[in-house]
Amino acid sequence: MSAELFAAPVPFEEGIYRALTRVPPLPLAQRSNFWPATAALYEPLWRHRSIGLLTRGGFSTERELALMLSWLRPRPGETVLDAAASAGLYARTLLRHEPGLTVHALDLSLPFLQRAKTYAERDGIAPTLVHADVRALPYRDGVFDAVVCGGSPNEFTELPAALAEFARVLKPGGRLWLMYLSRAETLPGRLGQGLLRLTGLRFPEPEALEAAAKAVGLEPQRAQHRGRVALTLFRRT
């Protein structure tokens with residue numbers, strides 16, 4: 001069933017569908033994802049600790065994952081896209097929670113996908129791994145029941161284009177979960193984010209992101225804000 005979701009045949013090599021034919025020009029924040037050391041260290045050293053650090057202990061990655069599952073309520077037989085999946089934390093979480101799902105984990109970085117493959121094999125889980133760009137998803141229209149994307153919206157150079165693609169591949173009524181860091185409100189926070197912007201990171205304002213989502217047919221459903229960490233659910237109209 002997984003290959004049937006693609007709009008055209010996609011080459012399959014070493015356990016990964018290779019839909020990306022050319023890596024676009026990227027800022028430093030995204031280029032660093034192509035370093036094997038980044039892919040190897042990202043999840044154990046940063047991803048599992050990041051929300052706790054960013055919220056000063058007020059929230060955790062475990063609670064993030066539980067909230068995602070609670071809001072999405074994935075059901076057997078559904079198809080889910082983990083977009084900009086990095087090492088596939090969301091994809092593995094979804095399949096552990098509901099083995100009857102079809103889950104695609106897609107990323108621009110081949111080293112991250114190779115790491116995702118290693119983790120999935122370690123855990124006895126089998127998401128479909130796809131090498132592609134979120135701005136040009138290789139899928140037919142309306143094939144996913146849900147799309148999840150955690151952290152990566154801060155790295156998207158064209159967030160509206162990514163949101164449009166998420167809306168395109170979602171079925172009517174499909175759900176979109178996003179986790180991202182929003183723009184800081186304090187002067188020290190803005191100064192820190194300003195330095196990070198030099199590497200290509202973005203920190204959207206929730207109102208602006210919601211407006212961009214509505215423009216492509218994604219209606220806000222629920223949101224929580226834990227400090228600068230935004231957790232949001234949209235539904236495809």
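Author: In this predicted model, helix α2 gives the most to the lining of the largest pocket, with 10 residues.

Reader: What is found in the largest cavity, and which residues line it?

Author: The largest cavity holds about 90 Å³ of space. Its lining includes Tyr42, Glu43, Arg47, Asp82, Ala84, Ser86 and Gly150. Helix α2 again gives the most, here with three residues, and both α2 and α4 supply at least two. The lining divides into six nonpolar, two polar and three charged residues.

Reader: Why is Ser152 called buried?

Author: Ser152 has a relative accessible area of 9%. The term buried applies under 20%, and therefore Ser152 is buried. Ser152 is found in the loop between β6 (144–150) and α6 (159–169).

Reader: How do you know that the side chain of Ser152 has a polar contact with Ala84?

Author: A polar atom of that side chain lies 3.0 Å from the backbone oxygen of Ala84. The cut-off for a pair of N or O atoms is 3.5 Å, and the distance of 3.0 Å falls within it. Leaving aside neighbours within four places in sequence, Ser152 is in contact with Ala84 and Ser86.

Reader: How do you know that the span of helix α3 is close to the expected one?

Author: Helix α3 (residues 61–72) has 12 residues and reaches 16 Å from its first C-alpha to its last. The expected span, at 1.5 Å a residue, is 16 Å. Just after α3, Arg73 takes a positive phi of about 50 degrees.

Reader: Which residues of α3 are buried, and what covers them?

Author: The buried residues of α3 are Thr61, Glu64, Leu65, Leu67, Met68, Leu69, Trp71 and Leu72. Their cover includes α2, α4 (89–97), β6, β7, β8 (218–226) and β9 (229–236).

Key. Residues numbered from 1 in each chain as written. Predicted model: local features only at pLDDT ≥ 70, side-chain atom pairs only at ≥ 80, totals over all residues. Heavy atoms only, no water. Helix = DSSP H or I, 4+ residues; strand = E, 2+ residues; numbered from the N terminus. Buried < 20%, exposed > 50% of the residue type's maximum accessible area, 1.4 Å probe, protein only. Polar contact = N/O pair within 3.5 Å; in protein donor to acceptor, adjacent residues only side chain to side chain. Contact = heavy atoms within 4.5 Å. Expected span 1.5 Å × (residues − 1). 1 Å grid on protein atoms, 1.4 Å probe; cavity = no way out; pocket = protein on both sides within 12 Å on 5 of 7 lines; lining within 4 Å. Points joined across faces, edges and corners; volume = space filled by probe spheres on them. Nonpolar A, V, L, I, M, F, W, Y, C, P; charged D, E, K, R; others polar.
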